[in-house]
Amino acid sequence: MKKEFVLQGLNCPHCAASIEKSLAKTKDIISVNVNLSTSLLYVEFADNIANIQKIVEETVHSHESDIFVVEKTHAAHNHEHHEHAKKSIIWLILGATIFTSGIIFYNINNYVSIALFTASYLLLGTDVILSAAKNIIKGNLFDENFLMGIATIGAFAIGEFAGAATVMLLYQIGEFFQDKAVRASKKGIADLMDIRPDYANLQQSDQTTKKVSPENVAVGDIIIVKPGEKIPLDGTILSGEAMLDTSALTGESVPRKATTGDSVLSGCINQNGVLTVQVTQVFGESTVSKILDLVQNAANKKAKLETFITKFAKWYTPIVVILAVLLAVVPPLFFGGIWQDWIYRAIILLIISCPCALVLSIPLGFFGGIGASSKKGILVKGGNFLEALANLDTVIFDKTGTLTKGVFKVVNIQPTNNFTEDKLLQLASFAESFSSHPIAVSICKEYGNAIDKSQLSGYNEISGYGVSVLHENKLILAGNEKLMHRENIPFTENSEFGTKVYIAVDNTFVGSIVISDEIKLDSKNAISQLKKMGVRKIAMLTGDTQAVAENIASQLQIDEVHFSLLPQDKVAKLEKYTQEKHPKKAVAFVGDGINDAPVLAMADVGIAMGGLGSDAAIEAADVVLMTDEPQKLADAITVARFTRKIVWQNIIFSLAVQIIFIVLGAMGVASIWEAIFADVGVSLLAVLNTLRILRV
């Protein structure tokens, strides 16, 4: 069985990892995952567990007593409770005030000063000591709570009251900023989560509307979307016109105009006008539902650095405790010396060695990177994919719908024999008005005027050549060059790139029209930026012809191009590129069609176009660009590389400071104040440094 629980008030990356680890050890629990970004706990368990919620609550409260555990339903929302945060700030201010008073009385009255430092310590550190005690009872002996608890109690034992209180004060300040960092990271994700619609205005048979849950609306039903409301389901506009705010889906602030006949995606906000929409997808298959699922699972896949730090802390902490005990006992026992001096050094070692900075800042860094990406309309499905984005060596693009718009458009009109462009386009539209072929549709769309088909007769589709139709007793021919040769009509060949349509009237050539799939406006800039960012190789895979593929590749300055490929051919090409890459580098594939799904799934990083991309492509991908803009890939890499930079800064800084002060502390050079800086001071700086990711 599977269930989901909302952990209201969860803002600690380390606590999330600890809860996950503890539940995973519970008998008959098959798998568990705690997602900090959405405060959701996913648990799979055996049928014989009678009360899973009670087990979850007991485990969660053993780590964080102020977290509320609520079973999640499909209609439920995750509203964060801020009471705990407010309470923490009050206690922090009160504890800091008492601590400051202790400093004021330090040289006035020693007993008052000690009493104030003790009160501050108890106010700020009781939860740490209690957490350590609970974990010891449960067999989880070595963690940062244990290290801080034993170190500060030891500090009290040797008379370092101010030092013990300072450790707890700085730790709580660090917790405050960590909480703030997590909330800031969550904001971009929370904005995406807010796209979930609360209701749909379902049109009844008597033309009235009824508010219903979006989950109760079927395909083909008619819904009314009023100004200010979210579009609850994907559909097609039957009537009405409005400006749509798509920022929640795309990260773009510029509204998009939508009118009759246009497709609209759930999650957009209707800014003005009333829209009548026919539903094309049930809620579970709609864009908003898929995005919610992607976001909710974004933090489930952890980066290698995150898993490494978890394992590192598991072995690091007990080793440090053993070394501290040896440092306190061995020298005075076997080599002489004052016991208090060596105990003091051991306490300093314990304070310095707490891995808080690493345990807190690394998962927080990747979480911040996912949040920063989501604010830009880029959904990254896990920290591991963010890490891979930072190490891209090769980027392979699909063509149609990825680098090009995937929509045929008239790009060139060349009239002759005194015909104007408008007249030539009109004649071509007459000939093509009965056809549903994309080329015919693009010509009629370019013409833009209504065509009175009652004035047309004798329509004939000539397979492999083109079409013919009579208008005012004049025979209009529209087709390829083979049609002109077949009818023995002299014509001027159009040298422009694209699909050519030649037009003749009563066997006289009157001009040509070129239709082509347009390159997206930002495609060239996207390729250029990727090269500047150091991506070694950029390739394009397409099922299109050699001429078309090479022309697009030439315009965009793509390094390598492979054409006339079937889906299985694309997979084979991807495997070749994967084999050629550096072992520590990654290969990305960017696509949008259902035929791209196998390649997206096989790539180190599969990147899908989310706006118009197929459902299969979005589900198979690891990263989704919600605006359909290739340019967003460069943005995603920028965020990923900055995240990696911040994470490594925190790792190097934390370890360097700790190693230096561990040596100094063991030699008796460093005091408890240097130890405090090396531990909680470094943790605080690491968390503040992580906040920079949200401003990239």
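A salt bridge is counted here when a side-chain nitrogen of Lys or Arg lies within 4 Å of a carboxyl oxygen of Asp or Glu. The structure is a predicted model, in which local features need pLDDT of at least 70 and side-chain atom pairs count only at pLDDT 80 or more, while totals for chains, interfaces and linings use all residues. Residues are numbered from 1 along each chain as its sequence is written, and side-chain values use heavy atoms, with hydrogens and water left out.

A search of the whole structure gives 11 salt bridges. One of them joins Glu 518 and Lys 405, with 3.4 Å between the closest N and O atoms. Because Glu 518 belongs to strand 21 (residues 508-519) and Lys 405 to strand 16 (residues 404-415), this pair ties together parts 113 residues apart in sequence; helices (H or I, at least four residues) and strands (E, at least two) are DSSP runs, numbered from the N terminus.

Strand 16 also holds Lys 409, whose partner Glu 446 sits in helix 14 (residues 438-447). Lys 409 is partly exposed, at 34% relative accessible area, and Glu 446 is partly exposed at 35%; buried means under 20%, exposed over 50% and partly exposed in between (1.4 Å probe, protein chains only).

Turning to another pair, Lys 537 and Glu 580 meet in a salt bridge of 3.6 Å, N to O. Lys 537 lies in strand 22 (residues 537-541) and Glu 580 in helix 18 (residues 567-580), so parts 43 residues apart in sequence are tied together. Lys 537 is buried, at 13%, whereas Glu 580 is partly exposed, at 40%. Both residues belong to a salt-bridge network that links Lys 537, Glu 560, Lys 576 and Glu 580.
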